[in-house]
Amino acid sequence: MMDKDYIVKEGLLEKYLLDELDTDETKAVELAISEHADLKQKFQQLEADFERMAFENAINPPSRVKDNLKVQMEGTKVKQLPTHWLWAAASLTILFMLTTFWMYTKWQATKKELNSLQNQSVELEERLDLLEENYELTNNRLQLINNPGTIPFVLKGNDKIPNSRAVAYVNHDNRLVVVNPKGLPELPSHQTYQMWSDVDGEMINMGLLPTDKDLVTLKYIDRAESLNITIEPAGGNDHPTVEQLISYVTL
């Protein structure tokens with residue numbers, strides 16, 4: 001059985017009215033209309049819209065045509081129109097109705113396509129804003145690294161993660177700290193790297209170090225005596241796990 005949502009989404013009701021479906025599709029649509037009251041209501045609404053558009057697009061003849069016709073009918077005997085004329089008129093009427101409904105269907109499809117293009121435009125604008133934001137952030141970080149007042153510190157891994165390292169860039173004038181963690185090995189998903197500042201023997205949280213980032217901006221801590229990296233549970237920790245200290249450097 002054809003799903004009613006599929007029928008509505010693919011415009012099969014409109015094609016059914018235009019007799020554009022094959023035999024199997026026609027039977028499927030008729031069965032769905034008979035089994036779903038809301039689908040039947042939508043189909044009836046389409047028929048009503050079609051009829052309304054036909055009337056709205058009808059052209060009223062000038063009033064003099066009616067007067068002339070009345071005079072002729074009064075002065076002459078009304079003649080029976082040939083049967084083939086009636087068939088021709090009926091055919092033209094049906095053709096006009098089908099053309100009107102075809103225009104209505106195309107208008108609906110164009111309206112849907114326009115809405116889709118507008119949504120795509122909004123998405124592109126959002127992506128462009130994000131790219132500009134990322135570019136500005138990266139540019140600011142690079143300016144910090146190249147600033148003469150910035151001091152680089154290399155944090156080498158201990159025996160827990162040998163042959164690894166992170167580089168911290170500290171600028172005391174601007175009170176900024178940026179870290180490149182790409183030299184640290186990737187951790188399991190339930191763990192993360194976290195950096196701490198040692199101030200008078202107290203370890204103060206500076207932030208997390210995701211290894212999928214080239215540069216990470218961390219919190220600047222006044223009077224920091226050293227920078228320390230520990231391995232913590234995913235999401236970070238309120239206090240450092242000393243047993244999981246993997247690197248430190250004295251400032």
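The structure is a predicted model, in which local features need pLDDT of at least 70, side-chain atom pairs count only at pLDDT 80 or more, and totals for chains, interfaces and linings use all residues. Residues are numbered from 1 along each chain as its sequence is written, and side-chain values use heavy atoms, with hydrogens and water left out.

**Overall architecture**

The protein chain contains six helices and eight strands. Helices (H or I, at least four residues) and strands (E, at least two) are DSSP runs numbered from the N terminus. Read from the N terminus, the order of elements is α-α-α-α-α-α-β-β-β-β-β-β-β-β. Of the 251 residues, 28% count as buried; buried means under 20% relative accessible area, exposed over 50%, and partly exposed in between (1.4 Å probe, protein chains only). The accessible surface of the chain is about 17900 Å², and 54% of this area belongs to carbon and sulfur atoms. Accessible areas come from the Shrake-Rupley method with a 1.4 Å probe, and for residues only the protein chains shown count as cover. Among contacts (heavy atoms within 4.5 Å) with a separation of 6 or more, 58% join residues 24 or more positions apart.

**Salt bridges**

Side chains of opposite charge can pair when their charged atoms come close. A salt bridge is defined here as a side-chain nitrogen of Lys or Arg within 4 Å of a carboxyl oxygen of Asp or Glu.

| Salt bridge | N to O distance |
|---|---|
| K4 and D38 | 2.7 Å |
| R175 and D222 | 2.5 Å |
| D200 and R223 | 2.9 Å |

The side chains of K4 and D38 meet in a salt bridge. Because K4 lies in helix 1 (residues 4–9) and D38 in helix 4 (residues 37–56), this pair ties together parts that are 34 residues apart in sequence. K4 is partly exposed at 24% relative accessible area, and D38 is also partly exposed, at 42%.

D222 forms a salt bridge with R175. D222 lies in the loop between strand 6 (216–218) and strand 7 (226–233) and R175 in the loop between strand 2 (165–171) and strand 3 (176–180), so the pair ties together parts 47 residues apart in sequence. Both partners are partly exposed, D222 at 40% and R175 at 43%.

D200 pairs with R223. D200 is in the loop between strand 4 (191–199) and strand 5 (202–209), whereas R223 is in the loop between strand 6 and strand 7, so parts 23 residues apart in sequence are tied together. Both D200 and R223 are exposed.

**Positive phi angles**

Most residues other than glycine have a negative phi. R223 has a positive phi near 60 degrees although it is a residue other than glycine, and its relative accessible area is 59%. N163, likewise not a glycine, has a positive phi of about 60 degrees. N163 lies in the loop between strand 1 (151–156) and strand 2 and is exposed, with a relative accessible area of 84%.

**Negative patch**

E123, E125, E126, D129, E132, E133 and E136 gather in a surface patch of negative charge. Patches are made of residues with over 30% relative accessible area and no salt bridge, with like charges joined within 9 Å. Asp and Glu count as negative, and the place of a charge is taken as CG of Asp or CD of Glu.

How values were computed. Patches are made of residues with over 30% relative accessible area and no salt bridge: like charges are joined within 9 Å, nonpolar side chains (Val, Leu, Ile, Met, Phe, Trp, Tyr) within 5 Å.
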